[in-house]
Structures are given as structure tokens and as C-alpha cells.
Amino acid sequence: MKLKRIKKFIIFLIIIVMAFVSFDLIYPEYEYIQDDENTHIVINDKNYYFYYDSWSYNNLDKKIGFIKDDPKYFKLFYYVLPHGIYSIKDDKEQKYYQIIGFMFSDYPLMVREDIDLPDPDADNIDYMIYDDNNIKIDDKGVISKVLDLYYSDEYDLLNYYEAESSMIKLYLGNYPELHYNLHISYDINEEIYLLYMKNNFGYKIIPNDIMNVLLESNID
């Protein structure tokens with residue numbers, strides 16, 4: 001009986017070791033590298049840099065691995081968890097990757113070093129969607145007005161009392177895998193909607209005629 005228990009224990013250990021080995025083969029580790037430009041990782045001999053702008057992926061595709069030492073222990077438990085480095089759906093040229101932290105903590109999009117994503121403008125945007133009600137808007141006049149606020153040289157407010165926040169997602173025809181985020185906040189004291197600006201780190205008040213389109217309702 002004792003010999004059988006030892007054999008079972010040895011078989012169990014072999015299974016565990018094989019599981020860890022196969023895990024490391026399927027999900028390799030990638031290391032952060034710091035250079036003069038930024039932090040990057042190397043995937044398939046290509047450098048991918050954090051893109052500190054408002055670009056984001058539409059949908060994740062497959063987990064390709066992990067950042068070295070993250071997680072440090074109990075890797076097998078992360079096999080089915082949303083944690084690690086993911087490819088982006090419909091990205092056939094492997095231009096982008098996304099790091100997903102534990103419990104979906106945010107990381108900037110990682111972009112291949114030869115890719116330069118553009119700033120959105122009224123000509124390259126196909127349509128936009130307001131996150132609160134998922135309304136698709138392709139009116140170039142409305143899109144242009146929103147971007148005028150976003151790129152404005154002067155802010156209306158620096159601080160506000162936020163009751164809720166949401167996003168406008170901009171979709172550009174040449175980048176079907178991604179969207180560009182504009183951040184909207186609501187001032188509960190003044191009862192106004194505010195758009196976070198690109199260059200001034202301030203907020204522009206969104207006029208009612210634009211919010212009427214975004215909300216598809218009347219604002220007094």
C-alpha cells in the first residue's frame with residue numbers, strides 16, 4: 001500500500017511539473033526594457049512601446065504571454081484569468097498588443113515602433129459613439145464641432161465637481177482595430193457637460209446643441 005501511495009505521489013508531481021513546463025511554452029515571458037525613448041517590450045524581434053495617448057483597442061484576441069515576474073507565483077492560476085499580454089482582434093499585421101493587469105487594471109496600448117497613430121480630425125473619422133447610450137453619429141458637422149472643443153486653445157474650467165463620467169469613442173477608417181477616446185464629465189453644481197481637452201489639461205463646456213445630438217434628447 002505504501003509503495004502505491006509513493007507511485008501516485010510521483011505521478012502527481014510529474015503532472016504538476018509537466019503543467020508548469022507546458023504553461024511556460026504556451027505563455028512565454030516578456031521583459032520591460034527601458035531606453036532613451038520609453039519603456040518597451042520585444043515581441044517577435046519587434047519593439048513595442050507604450051502609447052501614451054487616448055487610443056484603445058476595440059476587442060482583445062488571444063493571450064500570448066506574460067510580463068516577466070508578473071505574476072511571480074502561482075502562474076497556473078492565471079491560465080484562465082484575464083491577465084497577461086494580449087493580441088488585438090483583427091490586427092493581422094501585429095501592430096498592437098495590450099497588457100491586462102489583474103482585475104483589468106489599465107495599461108496604455110502597446111504600439112509597434114514603426115507605427116505612428118494620427119490625431120483624429122473631421123476628415124479621417126468615420127463615426128463616433130457616445131458611450132452612455134451607444135448612439136452612432138456620423139454627422140461631419142457635429143464631429144467637427146466636438147473636435148474644435150477638444151483642440152481648443154483656451155479652457156473654460158480647470159476644476160469641477162464630477163457626478164459621472166463617460167466617453168465619446170472615435171472610429172477612424174484606416175484603424176478598424178482601435179478607437180480614440182474623448183472624456184466627458186458632468187458638473188453637478190452648474191449642470192453642464194465638460195469635454196477634457198487634448199492640449200490644455202482643462203475642460204471645455206459642451207454646448208447644448210451638441211449634447212442634444214449625443215443624448216438624442218432636449219436639454220433645457
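Which residues are buried in helix α3 (residues 208-215)? The legends below start with that helix. The model is predicted, so local features are given at pLDDT of at least 70 and side-chain atom pairs at pLDDT 80 or more, while totals for chains, interfaces and linings use all residues. Residues are numbered from 1 along each chain as its sequence is written, and side-chain values use heavy atoms, without hydrogens and water.

View A. In α3, Ile210, Met211 and Leu214 are buried (under 20% relative accessible area; exposed is over 50% and partly exposed in between, with a 1.4 Å probe and protein chains only). Looking down the axis of α3, these residues fall within an arc of 95°, so they line one face of the helix; the arc is taken from the directions that run from the helix axis to the C-beta atoms. Helices (H or I, at least four residues) and strands (E, at least two) are DSSP runs numbered from the N terminus.

**View B. Helix α2 and its N-terminal cap.** In α2 (residues 140-150), the buried residues are Val142, Ile143, Val146, Leu147, Leu149 and Tyr150. They lie on the same side of α2, because they cover an arc of only 155° around the axis. At the N-terminal end, α2 is capped by Asp139, with a side-chain oxygen 2.8 Å from the backbone nitrogen of Gly141. A polar contact is a pair of N or O atoms within 3.5 Å; within protein, one must be able to donate a hydrogen and the other to accept it, and residues adjacent in sequence count only if both atoms are side-chain atoms.

**View C. Aromatic pair of Tyr150 and Tyr180.** There are ten aromatic pairs in the structure (rings of Phe, Tyr and Trp, the last by its six-membered ring, with centres within 6.5 Å; planes under 30 degrees apart are stacked, over 60 edge-to-face and the rest tilted). The ring centres of Tyr150 and Tyr180 are 6.1 Å apart with planes at 80°, so this pair is edge-to-face. Tyr150 belongs to helix α2 and Tyr180 to strand β13, 30 residues apart, and the pair links these distant parts of the chain. Tyr150 is buried at 4% relative accessible area, and Tyr180 is buried at 0%. Ring pairs join Trp55, Tyr150, Tyr151, Tyr175 and Tyr180 into a cluster.

**View D. The largest pocket.** The space in this pocket is about 580 Å³. On a 1 Å grid over the protein atoms alone, a pocket is an open set of points with protein on both sides within 12 Å along at least five of seven lines, a cavity is a set where a 1.4 Å probe fits but cannot get out, and lining residues have an atom within 4 Å of a point. Of the 26 lining residues, Asp53, Ser54, Trp55, Asn181 and His183 lie nearest the pocket centre. Strand β13 gives the largest share of the lining, four residues.

**View E. The largest cavity.** About 40 Å³ of space lies in this cavity. Its lining consists of Phe66, Ile67, Asp70, His83, Gly84, Ile99, Ile100, Gly101 and Tyr107. Strands β6 (60-67) and β8 each give two or more residues to the lining.

**View F. Met197 in its loop.** Met197 is located in the loop between β14 (192-196) and β15 (203-205). Met197 is buried, at 0% relative accessible area. Its C-alpha atom is 7.7 Å from that of Tyr155, 42 residues apart along the chain.

How values were computed: Points joined across faces, edges and corners; volume = space filled by probe spheres on them.
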